[in-house]
Amino acid sequence: SFKEALSEALKSKSYVLLVSGFFVCGFHITLVGTHVPKYVIDRGLEDWTAAAILSLIGLFNIFGSLLSGYLSAKMSKKIILSGIYFLRGISIILFIFTPATNIGAFIFGMLEVTRDNAAQSFLPQVVSKDELPKSNGRLFGFELVANNFLGAPIAGFLIGLSLVTPFILGTFLLLLSVFFITAIRGDFKRAEKSAGNQTTINLIKEGVSWLSNQILLRRLAIYTGIANFLGSMQFPIMILFAQELIGLNAIQYSFLAYGAAIGGLVGSQVANKINARLEESKTLLISVALFGIGMFAPYVTTNPFIVAGSFGLSSFGSVLWNVQAVSIRQALIPDNLLGRVNSVYRLLALGLNPIGAIFGGAIVKILDSSFSREFALRFPFLLSGIFMFILFLTAPKLLSQKLIDKTKNIPID
């Protein structure tokens, strides 16, 4: 149960501090991100600026992964993670206490760099490799609670007090994250002493080269990238689908979002048990099946309960996949390369997200001119189902247990 998982996790002080920092930072993301558009517009900037800020946050999250991967070869991952939290806090302070300009808003978006890569790279230094699947599951679970169950409702209450209240609390939470991470005790010096003599390009190339020679990890990145592309393709039309076809208002739409949140939370709690009972290849195959079924279901129904359940199914499959895939990466990649290789992996896995979102909106607009509005809004779900079925058919061969066992048994330098 979640209570048992929490009790067991509390036994490791370092892990508790890492998760606490991740939790409050995740809470900050939803707290601030939910109301950036309204805040920007109310300060007299145009609505396109709000959209550009959110796009920049997504874009620089991708390139921020590469930056944190490069820095991991130069300094301690503990310092990197603390620095990212601190940098985010500074960006919020500048954003709310300086004159409202488009340039200032864009700088805020650019400074909101990712912390996921740094946290995932730091985790193997805090827990043993045998504990990685369980620890990753808890990490995803706490993040889901912070993002989906606490962040949005509390942000809605705070913005009722004043526009800047969520941002001030977000800054405080980030500084609290810095405290949690700096309080972790241990020898977290960078493992690669020779990295200081290498150029930035060479360090990144080394991470790219290492990943390109690992068939299993490369295929995992490609599968994740395709699935993320399909998920992002659906994202822009979710609210339109809910309002126009299901008949939900903005408040009722949150019901669907909670379906995804519950599915992800349950997945984070049972992922370790599933991983312990099944081979890695079977867990990955089940994840693809669940994610695909959940993405396809809205094509055939507008029942809000079934749609909410399908979102939960997709979220469950996504978390199950992430826990398994992240644990495989952390176990296989040498510590001195983990930050850089993980950043390249995440670039492949997340790089198609912005393209998927644009493609989803564009395809609905194109089909809307030749077909019915209902078919245009349903089509992205059909397309997602078809491609996820293809991934399901190819996974047994391309992500076979034989390949996984072979990769795990090869000495990795």
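This is a predicted model: local features need pLDDT of at least 70, side-chain atom pairs count only at pLDDT 80 or more; totals for chains, interfaces and linings use all residues.
Colleague: Where is leucine 217 found, and which residues does leucine 217 touch?

Modeller: Leucine 217 belongs to helix H11, residues 215-246; helices here are DSSP runs of H or I with at least four residues, strands are runs of E with at least two, and both are numbered from the N terminus. A contact means heavy atoms within 4.5 Å, and once residues up to four places away in sequence are set aside, leucine 217 touches Trp210, Leu211, Ile328, Arg329, Leu332, Ile333 and Tyr345.

Colleague: How many helices and strands does the protein chain have?

Modeller: The secondary structure comes to 18 helices and zero strands. Of the 413 residues in the protein chain, 51% are buried.

Colleague: How should I read the length of a helix, and what does H9 reach from its first C-alpha to its last?

Modeller: The expected span is 1.5 Å times one less than the number of residues. Helix H9, residues 165-182, has 18 residues and reaches 26 Å, which is close to the 26 Å expected. An α-helix has 3.6 residues a turn, so residues three or four places apart point the same way. The buried residues of H9 include Phe167, Gly170, Thr171, Leu174, Ser177, Val178 and Ile181.

Colleague: How do I read the packing of two helices, and at what angle do the axes of H13 and H14 cross?

Modeller: Axes are lines fitted to C-alpha atoms, for helices over the stretch in contact, and the angle between N-to-C directions runs from 0 to 180 degrees. The axes of H13 (residues 280-296) and H14 (residues 304-332) come within 7 Å and cross at roughly 150°. Under 35 degrees is roughly parallel, over 145 roughly antiparallel, 65 to 115 roughly perpendicular, and the rest oblique; H13 is therefore roughly antiparallel to H14. Their contact involves 12 nonpolar, eight polar and one charged residue, where Ala, Val, Leu, Ile, Met, Phe, Trp, Tyr, Cys and Pro count as nonpolar, Asp, Glu, Lys and Arg as charged, and the others, Gly among them, as polar.

Colleague: Which residues of H13 and H17 meet, and how do the axes of these two helices cross?

Modeller: The axes of H13 and H17 (residues 373-398) come within 8 Å and cross at roughly 165°, and the two helices are therefore roughly antiparallel to each other. Among the residues that meet are Leu285, Val288 and Phe291 in H13, and Phe381, Leu382 and Met388 in H17. This contact divides into 13 nonpolar, three polar and no charged residues.

Colleague: What is the angle between H13 and H18?

Modeller: H13 and H18 (residues 401-409) pack at about 130°, with their axes 8 Å apart, and this makes H13 oblique to H18. Glu280, Ser281 and Leu284 in H13 meet Gln401, Ile404 and Lys408 in H18, a contact made up of two nonpolar, two polar and two charged residues.

Colleague: Are leucine 245 and leucine 248 buried or partly exposed?

Modeller: Leucine 245, in helix H11, counts as partly exposed because its relative accessibility is 22%. Leucine 248, in the loop between H11 and H12 (250-277), has 12% and counts as buried. Leucine 245 touches Leu240, Thr302, Glu374, Leu377 and Arg378, not counting residues up to four places away in sequence, whereas leucine 248, with the neighbours within four places left aside, is in contact with Ala242, Gln243, Tyr253 and Leu256.

How values were computed: Residues are numbered from 1 along each chain as its sequence is written. Side-chain values use heavy atoms; hydrogens and water are left out. Buried means under 20% relative accessible area, exposed over 50%, partly exposed in between (1.4 Å probe, protein chains only).
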